[in-house]
Amino acid sequence: MSLDTPASLQEELLRRARSRAASRPSAPAPATVTGPDSGPAPLSHAQRRMWLMDRLGHRDGVYSVPFATRLTGPLDLDALGEALTALVDRHTILRTRYGQLDDVPYQEALPAPDSVPVRVVDTAGGPDDEDLAPLLTAEARLPFDLAAGALPRALVLRHGPEDHTVLLTFHHIAVDGHSLETVADELARLYARAAGAGATVPPLSVAPPQYADFARREQTAADRLGRGLDHWARKLAGAVPPVLSRAATPPADLADRPAATRVEPLGAEVPDALREVGRQRRATLFTVQLAAAFAALHRLTGEDDLVIGCAAGHREGRDMDGLVGLCVNTLPVRVDLADDPEFGVLVERVRDALLEAQQHRQVPYDLIMERLGAAARGADGTALVRVTSDVLGEPTALRLPGLRAEPVEVTVAEAKFDLTFGLVLAGGPASLVQYGRAALDDATGAALGRSFAALLTAVAADPSCRVSGLPGPVQAGPAGAGTESVPAAGAAPHPAEAVLRAHPRVADAAVLAPPGGPLLAYAVLREWSGPSPVQLRAAVRDALDPDLVPVTVMLLDTLPRTADGTPDANRLPGAPAPGALHGPRAEAVTDAFAHTLGRRPAPDGDFFALGGHSLTAVQLAERLRTGLGLPLTGLDIMEARTPRALLALLDARAAVRDAAATASPAVRSVKRRATKPGTVLVTGGTGGVGAFVLRELAAIGRPVLALARPESAHLVAGDNVEVVAGDLGDLDGLRAAVAGADAVIHAACTFTRPEVDVAAMRAMVEAWNSGPFVFVSSVDAYGHPADARVAEEAPSRQPLSPYGQAKVDCERILLQAAGTGGRGGASAVRSPLVWGPHDRLRDQLRWGATGLLYQAARNNTPVTLPSPGAGGHEWYGTAWVHAAALARAVTSCLDTPVHGVANAVSGHVGWPELTDELSGLLGSDSPVLSGTEVHPDLDHHWHYRAERLACALRPRPGEGEDFRTVLAEMVTPATP
């Protein structure tokens with residue numbers, strides 16, 4: 001088909017598009033909600049911190065709230081699904097998405113879903129099977145996409161016909177501990193109604209309070225918090241977080257088990273004895289336990305002036321009964337343990353401090369920290385409250401009518417605070433110490449767990465004992481300063497260098513500490529791909545005291561050395577000179593600090609001391625990223641902290657970019673309509689798919705207009721390729737780029753921000769006025785088909801992931817516009833996993849959907865594959881396509897559009913076959929087991945038919961497009 005479509009064909013395309021639209025399920029409506037909670041609302045202060053941590057990349061389950069119950073009896077799964085759907089309908093916070101407008105975050109309720117899916121997994125063992133706990137933890141740690149809307153997840157493990165474990169997982173931005181009680185109560189009543197027993201339970205309120213209204217009220221009241229902030233500023237003046245001992249080297253399994261919990265049983269008489277200690281001093285059991293936590297922290301650190309955080313609720317008044325949401329605040333309780341008081345006297349001090357704190361509990365903790373600035377942070381930027389305390393009662397359980405309920409503990413393996421002391425009352429009294437394993441080594445943590453139990457027992461028996469006589473040895477202070485330069489041959493390496501060398505993926509390392517300059521580290525990876533500089537620095541930061549942590553870790557191909565074998569400091573990049581900042585980016589860094597923080601910084605001025613916090617870090621990073629065209633994140637700002645260190649980081653990244661640009665043709669900028677006939681606009685050219693599309697277009701001689709961000713332009717520029725700066729968030733730029741081309745291949749995707757992908761497609765279609773349009777979609781758009789064999793253009797079936805739903809929405813926008821207004825034919829090419837020798841695709845193999853198998857083979861760890869027949873499916877594996885074949889299929893649609901959906905599949909490979917191949921390529925002897933349990937990452941059992949593009953997808957002889965050859969290419973590190 002030519003690029004100029006006749007009018008008769010235009011009409012036919014329009015007829016087909018409308019026919020398809022009428023036969024498919026309609027896409028979700030825009031996010032509109034009627035009622036008092038309609039429209040965007042601000043984030044509460046408690047939510048704001050969750051949102052910021054999500055923006056900084058903390059999406060690995062640390063803020064998941066798992067709620068699990070073992071249920072014995074006849075469980076009605078349909079009624080459970082109906083009850084959960086009704087619950088989400090009642091409480092808009094459970095179906096809320098979180099966006100950002102002009103650097104200001106907001107929340108907006110989404111329409112109530114038709115149903116909330118309940119995933120059921122049959123377990124081979126019983127409910128006490130040791131494999132179930134990791135399964136529950138893995139489910140709880142799955143990330144939420146806050147931008148798309150974090151619906152609660154439901155997993156049911158079926159141990160037997162009348163034996164189940166139900167796990168509900170929420171994001172902490174939407175619920176707190178009190179909310180779970182409301183959730184459990186309402187789910188029980190909704191379940192009874194769905195199961196036909198509603199007459200036996202009290203009815204629910206017609207209109208429960210909504211969290212968005214609470215957030216609006218909190219924002220309105222913010223102007224009345226001045227006196228409270230003044231109080232906290234006075235109360236916390238001079239307070240700093242306690243210094244906890246750190247491990248000399250990080251534990252080998254820190255990434256997999258970053259937190260540890262030590263529980264020690266207590267005598268049955270201890271809680272009542274502690275209550276009696278409190279009664280004599282007009283204090284609650286919580287106050288007595290908090291005093292014990294202060295005593296234990298004093299014994300650990302040797303410090304007298306201590307702050308411990310306590311949770312305080314915001315629910316006041318009958319109008320907040322039944323409110324689901326995050327309504328907790330952190331109260332920093334400051335107590336002086338000077339003069340070695342008796343424990344009973346310490347209880348009275350803690351009682352008075354806690355009562356005073358509760359009188360000002362309405363002041364959000366984040367506002368207090370912003371008011372105090374760097375004065376309330378440690379030398380490494382640690383927030384004031386890093387230690388917390390609590391009394392843990394009977395855990396909440398989902399008590400459904402007609403079933404016996406038993407709460408099940410699910411851990412997400414990561415601590416929200418560095419150290420927590422607890423008194424456990426349920427199931428037999430016990431002490432609890434939870435700690436981040438980056439803050440305390442396991443030996444210290446275990447000893448602290450034992451000593452805290454002994455301390456509680458001791459004060460219960462004799463509250464007149466002085467703090468100095470209580471169990472728990474005083475911990476030594478922080479280590480001394482580091483070396484001043486690269487160590488000479490034979491000298492002991494810098495501690496940071498030792499930590500880097502101990503990393504299993506680092507081949508060589510060095511540390512440079514020039515006089516007057518920041519500490520810098522350098523690392524050489526064993527393979528072409530590995531941990532990022534930020535991840536390496538985090539490993540050092542978690543292992544050492546703050547004054548031993550480098551401001552940045554730079555990755556080098558080789559480490560330059562002198563004749564005697566020591567690292568050559570004169571040839572190491574980025575070493576800053578003392579005094580004023582110098583270099584082409586020095587002024588930009590200083591100006592950005594001044595503009596964002598309102599103060600012009602000294603070269604070594606600390607970001608936190610200048611009044612910086614998480615949100616300003618994101619703003620500062622965005623300003624420098626756009627101004628300098630270099631990658632930068634808010635986390636980089638908070639880790640570098642000073643203009644000098646940040647400049648060194650930016651110079652190092654600029655060197656990498658410039659080296660790549662030198663090896664590429666000059667980059668041209670397009671600001672007008674391309675004049676070459678037949679120009680194809682390609683998005684996503686820096687990705688694995690787009691790179692192969694560019695190669696294919698070059699091979700067939702088509703001129704290309706490539707959309708790329710300025711800092712990545714050198715990666716796509718070449719002969720017959722013009723580059724236009726832009727990305728999916730620049731809608732005006734997208735429209736201009738589409739208007740300047742005669743055909744479009746849209747291969748870019750954010751993967752994690754569906755609303756951006758859909759908005760980008762809408763903008764591109766608005767500007768599309770001629771020629772064909774090819775959209776690289778995904779088989780995720782099919783969702784979970786009922787049949788194992790999936791025909792092209794089969795209807796989508798729930799559940800769809802946010803990513804898959806975005807693909808469906810983009811396809812609908814494109815296909816409905818095809819053939820109208822002079823537009824040409826449209827093709828939505830759905831691809832599965834894409835394989836090929838490209839950096840992005842290698843990362844996908846290692847960490848994407850097949851990452852479970854790759855990492856098991858890589859680390860020689862056991863892996864369990866689903867056996868045929870597990871879950872009722874005869875085959876488990878994956879569909880895949882070679883990137884070169886996908887590129888041929890996509891470019892063939894320029895001349896012959898499919899006018900709809902086509903699958904691009906090179907073949908299918910079963911999990912056993914793929915695992916065997918990976919094991920052989922990696923030289924692995926990883927044990928491979930077979931079982932009836934299906935890991936979520938391996939729950940793929942569909943074969944996708946690919947007929948419309950079959951000719952283009954045929955492997956080319958001798959070009960290594962079979963799965964074994966391409967897999968070997970992907971496993972082999974790329975050559976520089």
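User: Which arginine lies over the face of phenylalanine 692?

Analyst: Arginine 695 does, in this predicted model. Its distance from the ring centre is 4.3 Å. Now try tyrosine 782. The charged end of arginine 830 sits over that ring, 4.2 Å from its centre.

User: Rings can also pair with rings. How many aromatic pairs are there in the whole structure?

Analyst: A search finds 8 aromatic pairs. Some rings join into a cluster. Ring pairs link Trp835, Trp880 and Phe963 in this way.

User: How do I read the two faces of a strand?

Analyst: Side chains in a regular strand alternate between the two faces of the sheet. Take strand S21, residues 743-746. Ala743 and Ile745 are on one side, and Val744 and His746 are on the other.

User: Are those four residues of S21 buried or exposed?

Analyst: They are all buried, and both faces of S21 are covered.

User: Which strands pair with S21?

Analyst: Strand S18, residues 680-683, runs parallel to S21 and is joined to S21 by 4 bridges. Here leucine 681 stands opposite valine 744. Strand S22, residues 773-778, also pairs with S21 in the parallel sense, over 3 bridges. There histidine 746 stands opposite phenylalanine 775.

User: And how do I find empty space?

Analyst: Roll a probe the size of a water molecule over the atoms, and you see where empty space is left. Look at the second largest pocket. About 360 Å³ of space lies in that pocket.

User: What lines the second largest pocket?

Analyst: The lining includes Phe214, Arg217, Glu218, His314 and Pro364. By type, the lining residues divide into 5 nonpolar, 2 polar and 4 charged.

Terms used:
Residues numbered from 1 in each chain as written. Predicted model: local features only at pLDDT ≥ 70, side-chain atom pairs only at ≥ 80, totals over all residues. Heavy atoms only, no water. 1 Å grid on protein atoms, 1.4 Å probe; cavity = no way out; pocket = protein on both sides within 12 Å on 5 of 7 lines; lining within 4 Å. Points joined across faces, edges and corners; volume = space filled by probe spheres on them. Nonpolar A, V, L, I, M, F, W, Y, C, P; charged D, E, K, R; others polar. Phe/Tyr/Trp six-rings, centres within 6.5 Å; stacked < 30°, edge-to-face > 60°. Lys NZ or Arg CZ within 6 Å of the ring centre and 35° of its normal. Buried < 20%, exposed > 50% of the residue type's maximum accessible area, 1.4 Å probe, protein only. Helix = DSSP H or I, 4+ residues; strand = E, 2+ residues; numbered from the N terminus. Pairing = 2+ DSSP bridges.
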